[in-house]
Amino acid sequence: MQGVLSGFAVIAIVICVGYVLGRGGHLGEHGREVLTKLAFHVASPALLFTMLARADLSVIFSSRLLVTAMSTAAVAGVFVAVGVVRRWGVGRTTIGALCSSYVNSGNLGIPIAVYVLGDASLVAPVLLFQLIGVTPVALTVLDLSTGGAQGPLWRRLLTPLRNPIAVGSLAGVTVSATGLSIPGPVMDPLTLIGNMSVPAVLLAFGISLCGSTLPGRGPDRLPVLLSVALKSVGQPAAAWALASGVFGLHGARLLDVVVTSALPAAQNLYTYASSYGVGERLARDSILLSTMASVPVLVVIAALLG
């Protein structure tokens, strides 16, 4: 309970600071765009590289990862199916699928893992799966669907290698897998730059709320409500069914996978949407509403399975 409230309080405060900055115009009319570009092109790649370079990749081969992968695919698949039927477009559907399944395993998942689950490393399988598997694929689809990748086929196939988020993630995995030792004079500046990522994303998100209408309204109402329902209820329910019914997990291990799957949509999804100029309101509203909804959901899960 304390971990849930603590993690949300940190995020809420930083978002509120961003909102105040936006209302006062302290960063100018392009403040949000600058913060978004800083996070996407510089800070986030540095953060992902430093985190994955030190990660234990053995966590990939675990039942927790299989549950995460299968529950992610299940809810994302539902959103994609609806998006195809409703003709929401490739880019918008991709953003919505991410909002339905991509959990906030970093700035919210870590404190909740510490205070609720008792071990910060328990979010590592989710974090690695999202960074190594989901992010490169999703950003490649966005590149191709929004015209970010042009030219011959061989150039389009190399799209992931031109995306800063994917490059940072893959470089970190390579360092960890090969056991290379990065000297302090190189790693320390990257760590310092990477520490700007989460605050920049949250501040940009807060600025985006200035002058906006109430979430869950307008032309994006249906995709927003669908993504929030899938993220807040569908994914933890799928994780519980898979973990207990298929993999036979129980006790603390069952609690681990269900709690991490119930985390809200990650704030960096708004950065992706803003960077590609597609589904920005969908991402913003889905993140906000799923974050609000996840508080009672996480409290109930902790009470029932804890």
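1. In the second largest pocket, α4 supplies the largest share of the lining, six residues. The model is predicted, so local features need pLDDT of at least 70 and side-chain atom pairs pLDDT 80 or more, while totals for chains, interfaces and linings use all residues. Residues are numbered from 1 along each chain as its sequence is written, and side-chain values use heavy atoms, without hydrogens or water.

2. The lining of this pocket counts 18 residues. Val80, Thr94, Ala97, Leu98 and Ala138 lie nearest its centre. Two or more lining residues come from each of α3 (63-86), α4 (90-101) and α6 (124-145). Helices here are DSSP runs (H or I, at least four residues), numbered from the N terminus. A pocket is an open set of points on a 1 Å grid over the protein atoms alone, where a 1.4 Å probe fits, with protein on both sides within 12 Å along at least five of seven lines; lining residues have an atom within 4 Å of a point.

3. The volume of the second largest pocket is about 250 Å³. That is the space filled by probe spheres set on the grid points, which are joined across faces, edges and corners.

4. What is the make-up of the lining: how many residues are nonpolar, polar or charged? Eleven are nonpolar, seven are polar and none is charged. Nonpolar covers Ala, Val, Leu, Ile, Met, Phe, Trp, Tyr, Cys and Pro; charged covers Asp, Glu, Lys and Arg; the others, Gly among them, are polar.

5. Six salt bridges are counted. The rule asks for a side-chain nitrogen of Lys or Arg within 4 Å of a carboxyl oxygen of Asp or Glu.

6. One of them pairs Arg32 with Glu280, at 3.8 Å from N to O. Arg32 sits in helix α2 (residues 31-53) and Glu280 in helix α14 (residues 280-305), 248 residues apart. Arg32 is buried, at 17% relative accessible area. Glu280 is partly exposed, at 27%. Buried means under 20%, exposed over 50%, and partly exposed in between (1.4 Å probe, protein chains only).

7. Another salt bridge joins Arg64 and Asp256, at 3.1 Å from N to O. This pair also links distant parts of the chain: Arg64 is in helix α3, Asp256 in helix α12 (residues 252-261), 192 residues apart. Asp256 is buried, with 7% relative accessible area.

8. Arg284 and Asp285 form a salt bridge too, with their closest N and O atoms 3.2 Å apart. Both residues are buried. Elsewhere, shared partners join Arg32, Glu33 and Glu280 into one salt-bridge network.
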